[in-house]
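Me: I have a structure open beside its sequence, and I would like to learn how to read it. Could you walk me through a few features?

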Amino acid sequence: MKPVLVDPPVETPVTLAEAKEVARVDFDDDDQSLSAYLAAAVAHLDGYSGILGRCLVSQTWRQGFEGWAPRLRLPFPDVADVSVKYFDADGVEQAVAAAEFQAVEGDAGAEVIFSSGFAMPTLSTEIEAPVQVEFVAGYGAAEDVPADIKMVIKALTRHWYDGEAGEPSQMRLVEKYRCRPL
């Protein structure tokens with residue numbers, strides 16, 4: 001199942017003013033175009049559909065699972081504020097106590113690991129993904145995003161604003177941040 005974005009980030013890693021500076025634009029006539037290219041550059045890297053396979057600025061996601069497992073793999077690294085809910089056999093939403101699980105960072109993302117004493121309750125058979133994990137993923141605020149990722153966002157924005165096709169050579173700077181292959 002694909003994760004669902006619950007709350008998008010409240011800011012972008014790069015501001016319009018920063019993008020304009022790199023694009024050497026000192027007028028406001030192209031703000032709408034530059035904003036669109038900036039949004040596209042961020043989307044190209046960020047979140048579930050982004051090529052990095054990770055969140056940049058903190059955002060809240062929900063991942064559904066068809067059933068219980070001792071470990072539930074989340075799609076992103078840098079995870080915080082995890083909660084686990086499920087729909088019981090009667091279809092009533094229940095919460096799993098925080099003491100019953102922990103979120104652990106792995107090489108390919110985070111995992112929710114249940115305690116050895118957790119008795120996995122019977123789940124609803126009427127709901128496609130009766131186990132739901134909600135979590136915040138990302139580096140934190142815009143200022144916490146690594147500088148080389150910001151540099152690539154600016155380079156992409158300028159590259160596309162200048163009407164160039166493809167990706168700029170700076171893309172290699174973000175390879176080390178990829179959490180999943182293309």
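**Reading a loop, a sheet and a helix**

Reply: Happy to! Keep in mind that this is a predicted model.

Me: Where does Pro9 lie?

Reply: Pro9 sits in the loop that joins strand S1 (4–7) to helix H1 (16–23). Its C-alpha atom is 8.6 Å from that of Leu56, although the two are 47 residues apart along the chain.

Me: Is Pro9 buried, partly exposed or exposed?

Reply: Buried means under 20% relative accessible area and exposed means over 50%. Pro9 has 27%, so it counts as partly exposed.

Me: How should I read a sheet?

Reply: Strands of a sheet pair through backbone hydrogen bonds, either parallel or antiparallel. Here, an open sheet of 3 strands runs in the order S3-S7-S6, with antiparallel pairing. Strand S3 (71–73) and strand S6 (101–106) are the edge strands, each pairing on one side only. From one strand to the next, the twist averages 25°.

Me: How many bridges link S3 and S7?

Reply: There are 3 bridges between S3 and strand S7 (residues 109–114). To find one on screen, look at Arg71, whose bridge partner in S7 is Ile113.

Me: And what about a helix, say H3?

Reply: Check its span, then what covers it. Helix H3 (residues 147–161) reaches 21 Å from first C-alpha to last, close to the 21 Å expected for its 15 residues. Its buried residues include Ile149, Val152, Leu156 and Trp160. Among the elements covering the buried residues of H3 are H1 and helix H2 (31–45). Just after H3, Gly163 adopts a positive phi of about 80°.

Technical notes
Residues numbered from 1 in each chain as written. Predicted model: local features only at pLDDT ≥ 70, side-chain atom pairs only at ≥ 80, totals over all residues. Heavy atoms only, no water. Helix = DSSP H or I, 4+ residues; strand = E, 2+ residues; numbered from the N terminus. Buried < 20%, exposed > 50% of the residue type's maximum accessible area, 1.4 Å probe, protein only. Pairing = 2+ DSSP bridges. Axes fitted to C-alpha atoms, helices over the stretch in contact; angles between N-to-C directions. Expected span 1.5 Å × (residues − 1). Contact = heavy atoms within 4.5 Å.
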